[in-house]
Amino acid sequence: MDMLKQLQLDLMLALIGIGFAFAVLILLSKALSWRRRLVIVFIELIAAALLCCDRLAYIYDGNVSELGFTMVRVSNFFLYLLSPLCAFIFDHYIMNLFVEDLNLKIPKRLWWVCGLSIAGAGFVVIASLIPDFLFYIDDLNQYHRGPAYIICYIIPIVCTALMVWVVIQHKLRFSKIIFISLLVFLLGPAIASVAQVFTYGFSLGNISIMITSILVYIFAYLDINDKVDKANKIKIEHLMEQRELSERLFEQTATALANAIDAKDEYTRGHSVRVAEYSKKIAERMGKSEEECRKIYYTALLHDVGKIGVADHIITKNGRLTDEEYEAIKQHPVIGNQILSSIRDYPYLSVGAHYHHERYDGKGYPDHLKGEEIPEAARIISVADAYDAMTSTRSYRAAIPQQIVREEIIKNSGTQFDPEFAKAMQYLIDIDSEYMMKEITEATGLRGNGQIRCAEFGSAVSEGILISSQEVTIRFHYAPDSENTDPYPSIILFDSLDARFYRDERAARDLSCFEYGQIRLDGTEKCLGARKMEVRRNSEKTKAKGKSTEYVIRAVRVKDHAKITIDNGNEPFDVIVAFPDCTRYCYIGLTGEQCTIDDVKIERSDVASDAETIPRIAEEISYIKGNVGDIPNVQVDTFRSDISHGTPVTNNMKMTFHSMSLPSARLIWHCPYIVLYHSDDGEVNGRNYREYALIRLDGEYWDGVDVKNNATVTKDGFQGWDYWKDRHREGVDVTVTFTCGEDWVTTKTENLGISIENTTHINHGKGLTFVALSGDQCAITNIRFTYEDQDQ
């Protein structure tokens, strides 16, 4: 028992010291209001004083000296007096919370607590004047409870109950931290006081008051920190919102300005936005950071701002410009620089406007800069600007097909364009399998007009709407010119280099226009170049001749089959189309006879369909039924649409295969591609996939991200591209050899006079390098691997 008493005294002393120290810290704190600080300081001081008196009462209990008699009587008197005062000051703490934090009127129950606390203190003073009523001291100077002591416990408990009632009633208004601290302070000492009735000799109640008073400050400080954190978060969010708002405002303003400039000529509408998008794609391909790509986007968006200072009649002139007019046009980079240089917060904007007409060989304008003297952003914009100019319609010509544009970019690489950025644009063209990188106009045969007017059948045909594995929905309104006109429109299924249908034989030949067939929207079909077309419906439809009609067409394609569902306002029907192969595109062109088609709306699904979507009406065409080597054969219908299994590359490994271009192949890059990569599971696009290199048999190659390739291409005995393409159509055998070290792989191959040697330097990590075969419009068969002595 003596040991427990000594431990209790030591604990009391430690808590008293902590309490007084906290009181000093609270006075020095600037985080709390001065009223809040004052209240908490009094809580700490009263709790420390209460525990100090309790400790003295324990120390001098039984001490029969004159000092002992005095200390026991005084300390026990203050024990009873400070208990209601503690309730009184904590009640004021809650009142302060209502005023400062909740901005509410103080509840009446808290005023009742205030009155009860004062009454309790008065009772203690009066009761202490009555001998042996509150407590008494025997001749051995030992403390004993009197008959009135229970009243001194009841009053604080009633006060506590009232305060708990108020706190719980307003719990949703208090912060979580403050609510917990209030309950801890109110319920902890109350529970300890009840327990103390049954543990005479141990000061559980007063110790708990001291501990919870310390917690009050800690929780108050935590609450302030939480509020500061929330305020900072709100401030940061506000600043971020302001920044995003500013960026949106800047983007909208810049876009509006660019569109206003483009609108000066109907043939350049949307030009600046497209150039900005293409420039950003090139920057991303070159591994630029998100911030660098954003800057390049805005720089490109405003690259033609200087045209605002060029006379409209020069910009919109259809014929050839005079020398004077051409000199006026050449001033728009200088004017653009002058305009954008005044925007000091965005100094990079003027770069694109000033230098986008400089040439890599130094023959551009206005400053005749050469090579890397031209700012990087301007070199990127130069390629994107030229690409969009070629793939957009102009007053004097139609849009140039993408494949021809690609060849022009290759031809001008190193002269007009930076070779690196020209190469990046070539890559973007190659992966643009659905030709989305182009000027998108209305689905109409008349540029800028919202309707198609057909006199004879096919005299006007809308621009092609691509059918792909992502279902496309086309809605339009059809009106015959008279009641005697056949009321049904038609669609033409075709392929061409520029997604436009041509009746003229020469234009059709030059742009590889190929017609699969025609479908009249009453269910009549005419199969031309397709292998087979089949109409499927449940019953005969009733024709609504002479009425304006709303039509809905849904079309989807998977490999060599397409399903076109037509709703003509009566009974929907399906048309299944079997194409000659999987390689050509298929576009829908809207047309008719003596009619008007308008209000065309096009929607495309984000979900790719599978082969089960379309019933097969013809045998699948395959060009890989020949010999099978070490891994399965692969038929690549479009750019990298399929790829072989991956095989680990080892030193002195040899890979052989047979390659044949598909019948639709017409370009030099319609050939096999050698893909070097790494992934954890060895699969293409597997876990942690990293592509190191793509090497094409026509001599071009692509770098992977953060990987350097050094390629050497020589043409010894090369007999020209026409011969090369013809031989690949017949089929060629190809051998590829690999030598490798810890962080490099050298790939060598030769086909028809084109020798390729490429060394890939891998600058990060270790792991197996794999090789796979892909390509564009080619069939790869009989793939085999041989392994020589790796120590050679």
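User: How many aromatic pairs does a search of the whole structure find?

Analyst: The search finds 22 aromatic pairs. Keep in mind that this is a predicted model.

User: How is a pair of aromatic rings described?

Analyst: By two values: the distance of the centres and the angle of the planes. Take Phe514 and Tyr516. Their centres are 5.3 Å apart, with 70 degrees between the planes. Planes over 60 degrees apart count as edge-to-face, so this pair is edge-to-face.

User: Is Tyr516 buried or exposed?

Analyst: Tyr516 is buried, because its relative accessible area is 1%, and buried means under 20%.

User: Which parts of the chain does the Tyr677 and Tyr689 pair link?

Analyst: Geometry comes before location here. The pair is tilted, at 5.4 Å centre to centre and 35 degrees between the planes. Tyr677 lies in strand S18, while Tyr689 lies in the loop between S18 and strand S19. The two are twelve residues apart. Tyr677 is buried, with 0% relative accessible area. Tyr689 is partly exposed, at 22%.

User: Which residues do ring pairs link into a cluster?

Analyst: Phe494, Phe501, Tyr585 and Tyr587.

User: Where does the charged end of Arg285 sit?

Analyst: Over the ring of Tyr427, 3.8 Å from its centre. Arg537 has its charged end over the ring of Phe573, 5.9 Å from the centre.

User: Which residues make the nonpolar surface patch?

Analyst: Phe20, Trp34, Leu38, Phe42 and Leu45 make a patch of about 490 Å². Helix H2 gives the most, with four residues. Phe20 is found in helix H1. Phe20 counts as partly exposed because its relative accessibility is 40%.

Terms used
Residues are numbered from 1 along each chain as its sequence is written. This is a predicted model: local features need pLDDT of at least 70, side-chain atom pairs count only at pLDDT 80 or more; totals for chains, interfaces and linings use all residues. Side-chain values use heavy atoms; hydrogens and water are left out. Patches are made of residues with over 30% relative accessible area and no salt bridge: like charges are joined within 9 Å, nonpolar side chains (Val, Leu, Ile, Met, Phe, Trp, Tyr) within 5 Å. Accessible areas come from the Shrake-Rupley method with a 1.4 Å probe; for residues, only the protein chains shown count as cover. A salt bridge is a side-chain nitrogen of Lys or Arg within 4 Å of a carboxyl oxygen of Asp or Glu. Buried means under 20% relative accessible area, exposed over 50%, partly exposed in between (1.4 Å probe, protein chains only). Rings of Phe, Tyr and Trp (its six-membered ring) pair if their centres lie within 6.5 Å; planes under 30 degrees apart count as stacked, over 60 as edge-to-face and the rest as tilted. A charge sits over a ring if NZ of Lys or CZ of Arg is within 6 Å of the ring centre and within 35 degrees of the ring normal.
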